[in-house]
Every structure is written in C-alpha cells, then in structure tokens.
Amino acid sequence: MNNYKHSIGHYVAEKIKDYFKNLDGEQAINLHDLVISEAESSLLKTVMQHADNNQSKAASILGISRTTLRKKLQQHKLF
C-alpha cells in the first residue's frame, strides 16, 4: 500500500501524537525504546494470532527465522 494515509507509519505517528497530547505536563523519556518494545510486542501477538500460533508460519510472515521469533516471543513474555 503506497498511500501514506493508510500506512502503518501513519497510524504510529497518530498514536505518538496522542501520547504527547496525554502526557499531562510530564516529560517523555526513552520514547524510542517504549515505541519499539510495544510495537514489536503488538506485532508478534497479532501475527501469532493470524498464524494460529504456528511459529513457522508466523516467522515466514515476519521474514525472520523461527529461532529469532522464539527469542523475541520469550523476550516479550509471549511464549
């Protein structure tokens, strides 16, 4: 999908804007780590559901090895 209006990046940008709006005067800290961790965790959960928890299929969808997928699932406590 080439239309930015419907790209994943567009939705991420909108959510980050919402995050900044809802800080209530607090300072954003380690935003990069927060976004990457939460995005990866959500990505893994969603792809695993889509793949009916088949790790080989999920790894293929993600374009990573099954070993890497297993490490990431453990890292995010999803396994």
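Of the contacts in the chain with a separation of 6 or more, 27% join residues 24 or more positions apart, a contact being a pair with heavy atoms within 4.5 Å. The structure is a predicted model, in which local features need pLDDT of at least 70 and side-chain atom pairs count only at pLDDT 80 or more, while totals for chains, interfaces and linings use all residues. Residues are numbered from 1 along each chain as its sequence is written, and side-chain values use heavy atoms, with hydrogens and water left out.

The chain holds four helices and zero strands, in the order α-α-α-α from the N terminus. These elements are DSSP runs numbered from the N terminus, where helices are H or I of at least four residues and strands are E of at least two. The C-alpha atoms occupy a box of roughly 45 × 30 × 15 Å along the principal axes. The radius of gyration of the chain is 15 Å, whereas a compact globule of 79 residues would have one near 12 Å; the radius is taken over C-alpha atoms, and the globule rule is 2.2 Å times the number of residues to the power 0.38.

Buried residues account for 18% of the 79 residues in the chain. Here buried denotes under 20% relative accessible area, exposed over 50%, and partly exposed in between, with a 1.4 Å probe and protein chains only. The accessible surface of the chain is about 6400 Å², and 51% of it belongs to carbon and sulfur atoms; areas come from the Shrake-Rupley method with a 1.4 Å probe, and for residues only the protein chains shown count as cover.

In soluble globular proteins, nonpolar side chains tend to be buried together. In this chain the largest nonpolar core consists of eight residues: L44, V47, M48, A51, A58, A59, L69 and L73. Helices α2 (31–50), α3 (55–62) and α4 (66–75) each contribute at least two residues to this core, and the largest share, three residues, comes from α2. A nonpolar core is defined as a set of buried Ala, Val, Leu, Ile, Met, Phe, Trp, Tyr and Cys residues joined through side-chain atoms within 4.5 Å.

Not counting residues up to four places away in sequence, M48 touches N53, N54, Q55, A58, L69 and L73. L73, in helix α4, counts as buried because its relative accessible area is 2%. Leaving aside neighbours within four places in sequence, L73 contacts L44, M48, Q55, L78 and F79. L73 and E38 are 35 residues apart in sequence and 13 Å apart in space, C-alpha to C-alpha.

Helix α2 also contains S41, which is classed as buried because its relative accessibility is 13%. S41 touches H76 and L78, with residues up to four places away in sequence not counted.

Between α1 (8–21) and α2 lies D24, which has a positive phi of about 50° although it is not a glycine. D24 is exposed, because its relative accessible area is 73%. N30 lies in the loop between α1 and α2 and has a positive phi of about 55°, although it is not a glycine. N30 counts as exposed because its relative accessibility is 54%. In the loop between α3 and α4, S65 is partly exposed because its relative accessibility is 38%.
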